[in-house]
Amino acid sequence: MCDSCGCGDSDIVPVAVHERILANNERAARHNREQFHDHHVSVINLMGSPGSGKTAVLEATARMLGPSKRLGVLVGDLATDNDARRVRAAGIVAEAITTGSACHLDADMLHKGLQRIPWRELDTLFIENVGNLVCPAVYDLGQDVNVVALSVTEGEDKPLKYPIIFRKADLVLVTKIDLLKVLPDISIARIQENLSMVMPTPVMIPVSATTGEGIAEWVEWLGRIRQAPPVHVHEAEAHGHAHHHHAHDHTHP
Amino acid sequence: MHEYSIVQAMFDQIEAQAQARHAIAVKRVFVRIGRSAGVDVRLLKTAYDTFRVRTICDDAPLEVDEVPEVWTCPDGHGDIVPGGKLTCETCGRPARMASGDEIILERLELEVP
């Protein structure tokens with residue numbers, strides 16, 4: 001209240017907040033990550049444009065690994081469970097998280113989706129994110145690594161047009177390389193060069209889900225991630241923002 | 001269009017702040033958005049203007065402070081200009097992002113009784 005003249009008017013007060021707007025998502029992601037670590041599940045967030053070959057790569061991965069490894073997939077899909085069905089047909093546990101109109105998965109959607117598959121029994125859980133090169137990059141889910149699928153048919157300059165998602169990638173899978181023979185103007189070297197302008201540590205594996213080329217190298221990379229997941233200095237911490245402790249206040253079914 | 005879900009999260013934070021201080025209204029909202037945070041400031045403002053109608057923020061303009069993208073050498077050899085390779089020319093180490101990915105609710109002006 002105004003206390004200088006006693007008129008009873010309200011006051012305008014400044015309030016410093018300094019809080020990350022996505023702090024709630026980050027708390028949920030941290031919670032997911034703790035769960036995954038506790039159960040020794042390696043978690044891969046697979047992102048890319050619609051049609052970049054994310055599902056085909058997972059099918060090829062399942063074919064190469066066979067039933068020896070316990071793999072699972074949660075697929076973020078706007079409207080259907082087609083991709084989940086495709087992956088199931090290849091022999092891996094898969095369920096869809098139908099996002100409706102949402103253009104990305106967030107940590108809470110993933111958390112709810114987890115209840116639909118026996119994720120604790122897996123060695124590796126793939127999260128096939130919604131096909132989109134913009135929105136998924138902004139939301140941490142609790143994964144160990146981010147992988148972006150970039151098909152050779154999308155053009156060499158995708159990393160420059162969508163720098164954020166590539167910056168956050170631990171690995172870029174350059175997919176559909178069997179098509180290079182009919183795309184004389186596309187060069188893997190130029191894709192690599194463009195990646196180095198947006199990724200401080202560019203790592204790229206060219207693959208073809210059709211011929212199987214590069215899939216062994218990808219599977220080897222997955223094995224290394226499972227043995228020793230990279231420690232990400234989360235940008236939040238690197239910039240010195242406050243960190244909120246998340247107490248585990250509920251049980252899991 | 002994740003800007004709408006960012007605005008939704010922002011309203012939750014603003015409402016919590018306003019409730020804690022028994023505010024009657026929010027008069028101004030200040031956010032800091034990095035130029036490489038993956039947030040389109042124009043869309044953010046549109047989303048904010050759509051959501052704020054008939055809320056405690058009805059009367060509160062959104063002020064956006066855009067933070068430039070800065071990359072730096074982790075060994076102290078100075079800044080690295082984006083647009084080229086993101087490694088230090090002196091020591092070859094991968095650059096570290098020093099700023100530009102912020103999505104922060106910075107401060108509010110609240111009307112209190």
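Ile103(B), with its neighbours within four places in sequence left aside, is in contact (heavy atoms within 4.5 Å) with Glu19(A), Arg20(A), Ile21(A), Leu22(A) and Val138(A), and also with Ile6(B), Arg32(B), Ile33(B), Ala37(B) and Val39(B). This is a predicted model, in which local features need pLDDT of at least 70 and side-chain atom pairs count only at pLDDT 80 or more, while totals for chains, interfaces and linings use all residues. Residues are numbered from 1 along each chain as its sequence is written, chains are lettered from A and ligands numbered from 1 in the order in which they are written, and side-chain values use heavy atoms, with hydrogens and water left out.

Ile103(B) also belongs to the largest nonpolar core, which has 32 residues. A nonpolar core is a set of buried Ala, Val, Leu, Ile, Met, Phe, Trp, Tyr and Cys residues joined through side-chain atoms within 4.5 Å, where buried means under 20% relative accessible area, taken with a 1.4 Å probe and protein chains only. Among the members that touch the most others are Met10(B), Val29(B) and Tyr48(B). Two or more residues each come from β1 (11–20) of chain A and from α1 (3–20), β1 (25–34), α2 (41–52) and β6 (103–112) of chain B; these helices (H or I, at least four residues) and strands (E, at least two) are DSSP runs, numbered from the N terminus. With seven residues, α1(B) gives the most to this core. A second, separate core of 30 residues includes Ile44(A), Leu46(A), Ala149(A) and Leu171(A). In soluble globular proteins, nonpolar side chains tend to be buried together.

Is Asn129(A), by contrast of topic, buried or exposed? Asn129(A) counts as buried because its relative accessibility is 1%, and its place is in the loop between β5 (124–128) and β6 (145–151) of chain A. Leaving aside neighbours within four places in sequence, the residues in contact with Asn129(A) include Leu46(A), Lys54(A), His104(A) and Pro136(A).

Strand β3 (residues 70–72) of chain B is joined to β4(B) by two bridges, and the two run antiparallel; Thr72(B) has Asp79(B) as its bridge partner in β4(B).

Notes: Buried < 20%, exposed > 50% of the residue type's maximum accessible area, 1.4 Å probe, protein only. Pairing = 2+ DSSP bridges.
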